[in-house]
Amino acid sequence: MELDFERCYRAVDSRDQRFDGWFYTGVTSTGIYCRPSCPAITPKRRNVRFFPSAAAAQGAGLRACRRCRPDAAPGSPQWDVRADVVGRAMRLIADGVVDRDGVPGLAARLGYTERHLHRMLRAELGAGPLALARAQRAQTARTLIETTGLGLAEVAFAAGFGSVRQFNDTVRQVYGTVPSQLRTGRGNPPTPGGAGTITLRLAYRPPLHAAALLGFLAARTLPGLDEVHDGTYRRGLRLPHGPAEVALTPTPGYVVATLRLADLRDLAPAVARCRRLFDLDADPEAVDQTLAADPALAGVVAAEPGVRVPRAVDGFEMALRAIVGQQVSLSAARTTLTRLLTHLPRPAPGPGSAPGPGSGSGPGDQEVCVTESASRRRKPLDHPDGAGRCGAAGGDAGAGGWGVWGFPGAEEVLGLPDSAFGMPAARRETIRALARAVAAGEVDLEPGGDRAETVRRLTALPGIGPWTAGYLAMRALGDPDVLLPTDLAVRRGAAALGLPATPTTLDTYADRWRPWRSYAAIRLWRAA
């Protein structure tokens with residue numbers, strides 16, 4: 001990736017937060033690397049180098065700045081725009097594939113040899129897959145050191161390191177200190193082994209229209225799966241090593257994410273999925289600038305800057321939701337999905353069911369902090385309309401923590417009887433065909449999947465047409481350039497804004513919104 005020195009230096013000199021995550025500033029005179037928005041004195045030109053990734057800066061022998069904490073910056077928005085191998089690889093690395101399956105597993109998922117994959121990532125990012133994964137492990141380790149009472153050896157393996165020595169060497173290189181100093185530098189350390197939660201501040205590029213994001217999700221919540229209450233979205237997750245629960249609360253400058261994990265090795269994938277769900281790595285100014293150039297959208301963009309595309313934490317869940325929602329109202333789809341969920345076995349008790357390793361009462365800081373103890377639990381969901389109400393804080397949720405759990409997998413859906421579906425036979429068979437394809441690995445609905453190939457395979461299944469495949473490309477695969485011109489709500493929104501309302505004319509007109517047509521679709525839905 002070529003970085004223009006003058007443009008990057010101007011961003012650093014003006015401390016422009018919009019470029020955080022796009023590139024990293026290396027200062028050779030101090031041996032550190034920073035975010036572009038670092039509040040420190042602007043370094044002299046002769047002492048500055050720019051890197052496309054934190055891993056590349058670390059590979060050059062630089063350590064992370066302790067003031068601006070560049071490892072906690074928003075991710076680069078280009079990985080959503082790019083559907084090539086490098087973009088897919090970065091999404092998979094963020095989801096922890098290298099930690100779980102190694103570089104051979106990553107290469108196999110992408111369909112390339114390890115050598116060629118390493119060559120592509122080095123050319124684009126200045127670092128290979130192992131270095132990129134190591135940078136992520138270092139950030140995960142720092143989070144666990146500062147927010148839990150785990151022993152450092154436990155932290156090392158929970159963060160994905162293969163040995164304590166590798167953990168010590170990496171932390172020393174990335175942060176310029178030994179792991180124990182990261183903990184003692186926090187003031188009062190957390191109680192060892194204390195039960196509790198891990199709370200993170202997930203940075204984003206402003207603006208963020210939180211009301212639009214939460215409103216979209218609230219209209220689609222399902223009892224026992226997710227809820228929106230008092231400005232917080234809660235849901236259950238199925239992660240590689242076990243279940244989890246997450247609460248996301250948008251605030252100015254960051255989203256507070258409170259996590260309960262059955263296995264701390266799932267911290268990195270949990271964070272990646274939360275960021276993906278809220279579209280936190282987007283560049284809203286770039287999106288809004290393109291859409292506002294159209295006079296028909298200029299007014300709504302000015303009135304509501306920073307509208308994001310709500311994405312997904314589970315591709316199969318989103319696919320099942322899309323199929324059930326074909327040609328029915330939103331409320332009817334929720335009723336059908338709720339009925340379906342009642343026929344599925346509830347997973348084993350989540351992490352809130354018993355004390356386990358977690359955070360204590362240590363102080364927080366700009367990026368990572370510790371909050372409520374495990375004894376403060378929310379009551380299980382009991383609102384009859386599934387609109388996301390829950391009991392007051394401090395209630396006893398018993399074995400379910402907040403009372404939410406992850407969506408069932410394809411194998412579980414395949415085991416359901418006909419009576420569980422409550423829908424026409426053809427649609428029921430479409431769900432089963434999809435579940436078989438996902439279970440067999442023939443359809444990849446995760447963020448690292450090949451978007452074009454996934455859409456092709458989806459439309460080859462009976463009962464899945466362009467609308468369903470496009471909707472999944474937008475929300476499950478993270479494609480920022482999907483319009484859905486045949487969608488009734490999109491057409492109504494277009495008509496309300498004085499735009500062409502027939503599918504063909506609207507599709508042609510929307511070329512001016514590329515590569516952000518998914519964001520335009522969200523705005524048309526809101527206009528409807």
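1. Arg 115 and helix H6. Arg 115 sits in helix H6, which spans residues 114-125. Helices here are DSSP runs of H or I with at least four residues, strands are runs of E with at least two, and both are numbered from the N terminus. Arg 115 counts as exposed because its relative accessible area is 67%. Exposed means over 50%, buried means under 20%, and partly exposed lies in between, with a 1.4 Å probe and protein chains only. Val 103 is twelve residues from Arg 115 along the chain, and their C-alpha atoms are 9.9 Å apart.

2. Basis of the model. This is a predicted model, in which local features need pLDDT of at least 70 and side-chain atom pairs count only at pLDDT 80 or more, while totals for chains, interfaces and linings use all residues. Residues are numbered from 1 along each chain as its sequence is written, and side-chain values use heavy atoms, with hydrogens and water left out.

3. Overall make-up. The protein has 23 helices and ten strands. Of its 528 residues, 56% are buried. Its accessible surface is about 20900 Å², and carbon and sulfur atoms hold 53% of that. These areas come from the Shrake-Rupley method with a 1.4 Å probe; for residues, only the protein chains shown count as cover. Take the contacts between residues at least 6 apart in sequence: 70% of them join residues at least 24 apart. Contact means heavy atoms within 4.5 Å.

4. Nonpolar cores. A nonpolar core is a set of buried Ala, Val, Leu, Ile, Met, Phe, Trp, Tyr and Cys residues joined through side-chain atoms within 4.5 Å. The largest one has 114 residues, and the members touching the most others are Leu 202, Leu 248, Leu 259, Phe 278, Leu 320 and Trp 513. Helix H15 (residues 315-324) gives this core its largest share, seven residues. Apart from this core lies another, of 22 residues, including Val 103, Ala 127, Leu 132 and Ala 133.

5. Leu 320 up close. Neighbours within four places in sequence are set aside here. Leu 320 then contacts Leu 337, Leu 340, Phe 407, Val 413, Ile 431 and Leu 434.

6. Helix H1. Which residues of H1 (residues 5-13) are buried? They are Cys 8, Tyr 9, Ala 11 and Val 12. Strand S1 (24-27) and strand S3 (48-51) are included in what covers them. Arg 7 and Arg 10 are exposed on the other side of H1.

7. The ends of H1. At the start of H1, a side-chain oxygen of Asp 4 comes to within 3.3 Å of the backbone nitrogen of Glu 6. After H1 comes Arg 15, with a positive phi near 55°.

8. Cysteines. The whole structure holds zero disulfides, a disulfide being a pair of cysteine sulfur atoms within 2.5 Å. Cys 38 is buried, at 8% relative accessible area. Cys 65 is buried too, at 8%.

9. Gln 58. This residue belongs to helix H2 (residues 54-59). Gln 58 counts as buried because its relative accessibility is 2%. Beyond neighbours within four places in sequence, Gln 58 contacts Tyr 33, Arg 134, Ala 135, Gln 173 and Val 174.

How values were computed
Polar contact = N/O pair within 3.5 Å; in protein donor to acceptor, adjacent residues only side chain to side chain.
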